[in-house]
Amino acid sequence: MSREVLTPPVQKMSQMRRYRVNVVHDDFGGDKWNGQNKQAKLEYKTYEEQDLYGDDDDYEDDAALKCITESANGDFSLSIHVSKSFYGGLIGMKGSTKRRIEEETRTEIFVPRPNDRSNEVTIKAKQRSQICAALRQIQHLVTSLRKKMKPTHFLAVALNSGEVKERFMELKKCILEAELPGIDAELFIPECCIHLTLGVYVLLDDNERQEALKNLESCRRLLDGLKTPFEIKVKGLEIMNDDPSSTRILYARIESPDLQKFANQCLAHFQTTGLCAADNIERESVKLHMTVMNNRYRNEANKSGNSFDAREILKRFGDFDFGVAQSQAVHLCVLKSRAEDDFYKISGSLEF
């Protein structure tokens, strides 16, 4: 292999400064997504303090390591996919982050230029262990940056048809006819969007979306021993906080033991992929619920405040029975993507 191939031209700083970390999509889950994730910064500092040349055996299950190649002259190389949204964080101010990783791991790291079609970052070094060390630092950096980003996709079980939808519309009609103070139609989730959320993710390009779909398909094995289609009983109303006089979310309770078991195992699997949004990384289980009302649905021009009084709704309709639904699929959906009178855009599904 020629020296030209082994040593691509170094990028100019003016080009590298054009990259910035991309924070994508609108808010999902309220104010907690605003601002920087301090915990992510603390975790990254911890990663930096780890032994750069630790035992590779702990990482041998990383598929990326299997792609390390050795040239005829004994040099090692690895090309990995990194979303362009992370280039700014990887390069750092005036190239400082990239340069630090190179110095600490004794590697050369080549990040695609702004107009390059490739989104593969290449690591080159004299020793395989140096490649591994740089890979770990890049992976930890990407993980910490992803934690600061808003979710773009979510796993959903659709409930927007049949008995549950009809009963939802009946409840909505009864609540609005009661003319309760501060309660209006904008608070209700559109009936075409009724669903259960099993997880939220940050997927920044087509490669990451395809990776998420592959991982979703791999969750098919988790269905073994479970009864499908899942039977989902929807009954009773609750709020997310402890004060019904000032709440933001009213939801319906879910009873579905098999779906709950699948949801928890699916969450645990996706936590190993590095694709989860911050809220899902440390969560041990999924709280299955069907959102009925959410203050976030209100038009931004609405001046009714950031909460609503659910006391009378709970008093009158707290035991409302939405009926039973059958689910035969889990969908990977795009947040904030629904068309009028339609469900969210579906990127792919696990059907069973």
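**Reading helix packing, a sheet and aromatic pairs**

Q: What is the hand of the crossing of H5 and H6?

A: The crossing of H5 and H6 is right-handed. A crossing is left-handed if the near helix is turned anticlockwise from the far one by less than a right angle, and right-handed if clockwise. Keep in mind that this is a predicted model, where local features need pLDDT of at least 70, side-chain atom pairs count only at pLDDT 80 or more, and totals for chains, interfaces and linings use all residues. Residues are numbered from 1 along each chain as its sequence is written, and side-chain values use heavy atoms, with hydrogens and water left out.

Q: At what angle do the axes of H5 and H6 cross?

A: Two packed helices are described by the angle between their axes and the distance between the axes. Here helix H5 (residues 96-105) and helix H6 (residues 128-147) cross at roughly 150 degrees, and their axes come within 9 Å. Helices (H or I, at least four residues) and strands (E, at least two) are DSSP runs, numbered from the N terminus. Axes are lines fitted to C-alpha atoms, for helices over the stretch in contact, and angles run from 0 to 180 degrees between N-to-C directions.

Q: Which residues in H5 and H6 meet?

A: Contact means heavy atoms within 4.5 Å. On the H5 side you'll find Thr97, Arg100, Ile101, Glu104 and Thr105, which meet Gln130, Ala133, Ala134, Gln137 and Leu141 in H6.

Q: What is the strand order in the open sheet of four strands?

A: Two strands pair if DSSP finds at least two bridges between them. The order is S1-S2-S4-S3, with antiparallel pairing. Strands S1 (69-70) and S3 (107-110) are at the edges with a single partner strand each, so one side of each has no neighbour in the sheet. H6 turns up again here: it packs on the sheet, touching S2, S3 and strand S4 (120-125), and its direction makes about 145 degrees with that of S4.

Q: How many aromatic pairs does a search of the whole structure find?

A: Rings of Phe, Tyr and Trp (its six-membered ring) pair if their centres lie within 6.5 Å; planes under 30 degrees apart count as stacked, over 60 as edge-to-face and the rest as tilted. The search finds seven. Take Phe154 and Tyr344: their ring centres are 5.1 Å apart and the planes stand at 90 degrees, so the pair is edge-to-face. Phe154 sits in strand S5 (residues 153-158) and Tyr344 in the loop between strand S11 (329-334) and strand S12 (346-351), so this pair ties together parts 190 residues apart in sequence.

Q: Are Phe154 and Tyr344 buried or exposed?

A: Buried means under 20% relative accessible area, exposed over 50%, partly exposed in between (1.4 Å probe, protein chains only). Both Phe154 and Tyr344 are buried.
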